[in-house]
Amino acid sequence: MTDTKRHPLRPTPQSSVLYRRFIPWLGQTLTFELSDPERDLETFNRWMNAPRVAEFWEEEGSQEQHRAYLQKLLDDPHAQPVTGFFDGQPFGYFEIYWAKEDRIAPFYDPDDYDRGLHLLVGEESFRGKAFYTAWFSSICHYLFLDDPRTQRIVCEPRYDNERQIANFDRSGFAKLKHFDFPHKRALLVMLSRERFFSDELYQPLKSQ
């Protein structure tokens with residue numbers, strides 16, 4: 001219980017490999033794995049200190065700071081740090097979380113199994129439509145498969161991150177409202193399980 005709210009007990013991942021899928025239009029295998037503070041530290045540190053990433057994440061720092069950052073998330077039962085790979089090469093970082101235990105919860109009415117997502121592509125060579133269609137649909141696919149009780153995925157991009165908001169829009173997320181965190185003005189977007197599977201959003205998006 002948190003104040004007057006009841007929270008389900010959260011299952012922990014049984015493997016460091018969370019999701020693996022061959023992407024036929026790329027001819028590559030996409031994998032999502034729990035981030036490893038040893039294996040991924042140098043890459044994570046470089047990504048977080050890149051100006052394009054730092055503009056929105058605001059997590060610049062040293063390797064030791066970033067080691068502690070990743071370890072804190074690994075120890076947190078409500079969140080998981082995830083690294084994405086194409087054929088074993090890291091390309092992006094994702095934070096997935098249970099929305100009811102997250103900072104987003106006071107700003108809407110969360111269901112017990114709503115999942116949330118933060119994301120970034122760190123490597124320029126993996127940007128573009130073909131890669132985006134692969135990894136974005138797949139991370140959503142993973143969140144719906146991980147717990148069949150999850151009916152909604154929520155995200156809270158910064159209100160002026162126009163490229164990311166356009167990608168959410170094309171990927172089936174509904175734009176619900178603007179709201180204010182202490183550190184940013186955000187847009188609440190939401191994807192339903194019904195929309196994801198009925199519109200087959202795990203396949204290349206016809207609108208892109």
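Mentor: Aspartate 40 counts as buried, because its relative accessibility is 6%. Buried means under 20% relative accessible area, exposed means over 50%, and partly exposed lies in between (1.4 Å probe, protein chains only). This is a predicted model: local features need pLDDT of at least 70, side-chain atom pairs count only at pLDDT 80 or more, and totals for chains, interfaces and linings use all residues. Residues are numbered from 1 along each chain as its sequence is written, and side-chain values use heavy atoms, with hydrogens and water left out.

Aspartate 40 sits in the loop between β2 (28-34) and α1. Helices (H or I, at least four residues) and strands (E, at least two) are DSSP runs, numbered from the N terminus. The side chain of aspartate 40 makes a polar contact of 2.7 Å with the side chain of arginine 39. A polar contact is a pair of N or O atoms within 3.5 Å; within protein, one must be able to donate a hydrogen and the other to accept it, and residues adjacent in sequence count only if both atoms are side-chain atoms. Set aside neighbours within four places in sequence, and aspartate 40 is in contact (heavy atoms within 4.5 Å) with Leu34, Ser35, Thr83 and Phe85.

Now the helix. Helix α1 covers residues 41-48, and six of its eight residues are buried, so the rest of the structure largely encloses it. Those buried residues are Leu41, Thr43, Phe44, Asn45, Trp47 and Met48. Their cover includes α2 (51-57), α3 (63-74), β4 (89-98) and β5 (115-121).

On to the pockets. On a 1 Å grid over the protein atoms alone, a pocket is an open set of points where a 1.4 Å probe fits, with protein on both sides within 12 Å along at least five of seven lines; lining residues have an atom within 4 Å of a point. The largest pocket has a volume of about 1,200 Å³. A volume is the space filled by probe spheres set on the points, which are joined across faces, edges and corners. The lining of the largest pocket holds 43 residues, and Phe56, Trp57, His118, Leu119 and Gln164 are the closest to its centre. At least two lining residues come from each of α2, α3, β4, β5, α4 (129-146) and α5 (162-170). By type, the lining has 18 nonpolar, eight polar and 17 charged residues. Ala, Val, Leu, Ile, Met, Phe, Trp, Tyr, Cys and Pro count as nonpolar, Asp, Glu, Lys and Arg as charged, and the others, Gly among them, as polar.

The second largest pocket has a volume of about 240 Å³. Of its 18 lining residues, Thr12, Asp76, Pro77, His78 and Ala79 lie nearest the centre. Here α3, β3 (79-86) and β4 each supply at least two lining residues.

Finally, the whole chain. The protein has six helices and eight strands. Its radius of gyration is 16 Å, close to the 17 Å that the globule rule gives for 208 residues, so the protein is as compact as a globular protein of that length. That radius is taken over C-alpha atoms, and the rule is 2.2 Å times the number of residues to the power 0.38. Buried residues make up 53% of the 208.
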